[in-house]
Amino acid sequence: MKHMLSVILNNDQIYQGALILVNGRYPLRHEDPSDLIAPDRACPHILLRQNAARALIRIFDHLACGTSIALVSGYRSMEEQKNIYRSSLKENGQTFTRQFVALPGHSEHQTGLAIDLAQAQENIDFICPDFPYEGICQDFRRNAADYGFVERYAKEKESVTGIAHEPWHFRYVGTPHAKLMEENHLSLEEYMDFLKRYPPDHPLTFQSPGQMPVDIFYLPADEKTTLLRLPADAHYHISGNNADGFIVTLARSEGRTQHV
């Protein structure tokens, strides 16, 4: 008989993890900046959660982009988001602010998983930095999903996300989720709904080139705690969706280990 591992998930964990959906409908419920680090020593004030920061460092190293891409904005506290929102209202008006600045408590920047980037130049707009679809910026965009990042607010998804097109805003969701979102042209809102088609007994199997396959499934939260049973030797990652359950990413046990 195969040994099983019992994982007990508390409902607070619904609001934590790399896949939490934060938008106008779902506010950030759990703010924990304890593992923030600076991905660039030249910008010690721009911070990300460790997993996102390390992924950003790897993609910058891969592209050898040096000083060609500038970090503009990473983690923001609630107070910082309030100040940015108030300043934008004063300087840009309500219509602009509603398009490009999330309400305090509803900003992805407060998760520590989002980064705004710009093509390096003398003057960079903080709210709408220039990150064109060409050159080194486009190279970053083409490689982003391989490192767990997605361009979060696409032009054709404005009605879904509630945010105007932001070519500069990238969100860390991890792999293989970024690849799945990219290949299926899904926003994070759509991806969360998409994964609900795959329960624990009928997971989505995905394999990136050169990687071992992974199984992905949605686990709805029970009233107080949720029990998840996995093989005892499983390599897995669990993220809340910030709404009603969990996304489980389970590496196949055969062959070499894949870290997810």
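Which residue forms a salt bridge with Lys196?

Good morning, colleagues. This is a predicted model, in which local features need pLDDT of at least 70, side-chain atom pairs count only at pLDDT 80 or more, and totals for chains, interfaces and linings use all residues. Residues are numbered from 1 along each chain as its sequence is written, and side-chain values use heavy atoms, with hydrogens and water left out.

To return to the opening question, the partner of Lys196 is Asp244, with the closest N and O atoms 2.8 Å apart. This pair links distant parts of the chain, 48 residues apart: Lys196 is in the loop between helix 7 and strand 8 (204-206), and Asp244 is in the loop between strand 11 (235-240) and strand 12 (245-251). Helices (H or I, at least four residues) and strands (E, at least two) are DSSP runs, numbered from the N terminus. A salt bridge here is a side-chain nitrogen of Lys or Arg within 4 Å of a carboxyl oxygen of Asp or Glu. Lys196 is partly exposed, at 37% relative accessible area, and Asp244 is also partly exposed, at 30%. The terms are as follows: buried means under 20% relative accessible area, exposed over 50%, and partly exposed in between, with a 1.4 Å probe and protein chains only.

By this rule, the salt bridges number 12. Another of them joins Arg152 and Glu108, at 2.7 Å from N to O. Arg152 lies in strand 6 (residues 149-153) and Glu108 in the loop between helix 3 (94-100) and strand 5 (114-119), so this pair ties together parts that are 44 residues apart in sequence. Here Arg152 is buried, with 3% relative accessible area, and Glu108 is buried as well, with 2%. Both belong to a network of salt bridges that also includes Arg171 and Glu189.

Glu189 brings us to helix 7, where it is one of the buried residues. This helix covers residues 188-195, and six of its eight residues are buried.

Finally, the chain as a whole. It holds seven helices and 12 strands, and buried residues make up 49% of its 260 residues. Among contacts (heavy atoms within 4.5 Å) between residues at least 6 apart in sequence, 66% join residues at least 24 apart. Along its principal axes, the C-alpha trace spans about 65 × 40 × 35 Å. Thank you.
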